Each structure stands twice: as C-alpha cells, then as structure tokens.
Amino acid sequence: MDRESLYESDFYAWIQQQAQFLRDRAWEKLDLPNLVEEIESLGRQQRQELRNRLAVLVGHLLKWEYQPEGRSASWLLTLQLQRQEVLELLEESPSLKPYLPEAISKSYLGALKLALEETKLPRKIFPKTCPYSSEQILDSRFYPGEPSHWLEEED
C-alpha cells in the first residue's frame, strides 16, 4: 500500500509508519505533504483547545458575577480546573501566550452563550465584550462580583 492510500485508509498505521521512517532517518520514504499538514493541524488544535478552555472559564466567571445566588462548589471547581488547564497549556506551549488576548476575544461568544444558557438571564445584562483582563482570568484569587462564602471556605 502506498503512503497516500495508507494516509487515507488507516491514519493510525500511517502515523506509526511515518514515526518509524523518522526514527530510521528514511527521509526519502516520508510522506512530506501530509506530514506538514498534520503538524500544522497540531498547532491549530492547541489554539482551539485554548479557546475552548477560555470559553468555559470566562463563561463561569460571568455566571459567578452575574448570578451570585447560583454559586456552588461545582462552579468553583470548574473555575479552578479550567484556570489550571489553561495555565498548564500555556506552560507547555509558551508561544501561545501572545495569542491569549485574541483567544479571549474569540472565545467570548462561546462564554457568553454558556452563561446565557445556564443562567437564563437576559442578554442585555452581560457585556458585549469580555470584561476581564488576561491577568484576571488566570488569577486564582480573582472572582468577580460580590464576596462569596464559597471563597471563605477555600482559605
């Protein structure tokens, strides 16, 4: 089976084959066009993961601020977990840091959608653009809105 058809018919087998060719330094056997495409795709996936995690994180910050009566241990845990995951992603791929402001901006629509769906509050209550800075979003001590007994239990 040639490289192109293996790429199309059994992606995992193609990956294994390409990895072996790299280990063997069999450069002439590499499927370069598809390897380049897949490597570029990995970069896009990292950016997408960052946007997805930010959407959940910012959506929960919005919920925390605009529906304080709904605060729960689950919301707090989600905020903590998503912050940790975003920070780990940025630590593993520091070149994503300059993309953070754009990622926040792009993910805000998803965050807003999450907050609207889960709170059932009117759209006009929420800001049109993300009201939180990158620093606030990633700061484990930042919880917008009025103080909460949920945070007192954390200390």
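The side chains of Glu49 and Arg53 meet in a salt bridge, with 3.2 Å from N to O; a salt bridge here is a side-chain nitrogen of Lys or Arg within 4 Å of a carboxyl oxygen of Asp or Glu. A search of the whole structure finds 5 salt bridges. The model is predicted: local features need pLDDT of at least 70 and side-chain atom pairs count only at pLDDT 80 or more, whereas totals for chains, interfaces and linings use all residues. Residues are numbered from 1 along each chain as its sequence is written, and side-chain values use heavy atoms, with hydrogens and water left out.

- Glu49 and Arg53 both belong to helix H3 (residues 32-66) and are 4 residues apart, about one turn of the helix; helices (H or I, at least four residues) and strands (E, at least two) are DSSP runs numbered from the N terminus.
- An α-helix has 3.6 residues a turn, so residues three or four places apart point the same way.
- Arg53 also forms a salt bridge with Glu85, the closest N and O atoms being 3.8 Å apart.
- Because Glu85 lies in helix H4 (residues 73-92) and Arg53 in helix H3, this pair ties together parts that are 32 residues apart in sequence.
- Glu49 is partly exposed, with a relative accessible area of 29%, and Glu85 is partly exposed at 23%; buried means under 20% relative accessible area, exposed over 50%, and partly exposed in between (1.4 Å probe, protein chains only).

**The Asp139–Arg141 pair**

- Asp139 forms a salt bridge with Arg141, and their closest N and O atoms are 3.2 Å apart.
- Asp139 counts as partly exposed at 23% relative accessibility, while Arg141 counts as exposed at 70%.

**Helix H5**

- Helix H5 (residues 100-119) has 20 residues and reaches 26 Å from its first C-alpha to its last, close to the 28 Å expected at 1.5 Å a residue; the expected span is 1.5 Å times one less than the number of residues.
- A kink of about 40° in H5 is centred on Tyr108, the bend at a residue being the angle between axes fitted to the seven residues ending there and the seven starting there.
- Tyr108 is one of the buried residues of H5, which also include Leu100, Ile104, Leu112 and Thr119.
- The cover over the buried residues of H5 includes H3, H4 and helix H6 (134-138), where contact means heavy atoms within 4.5 Å.
- Lys120, with a positive phi near 65°, follows H5.
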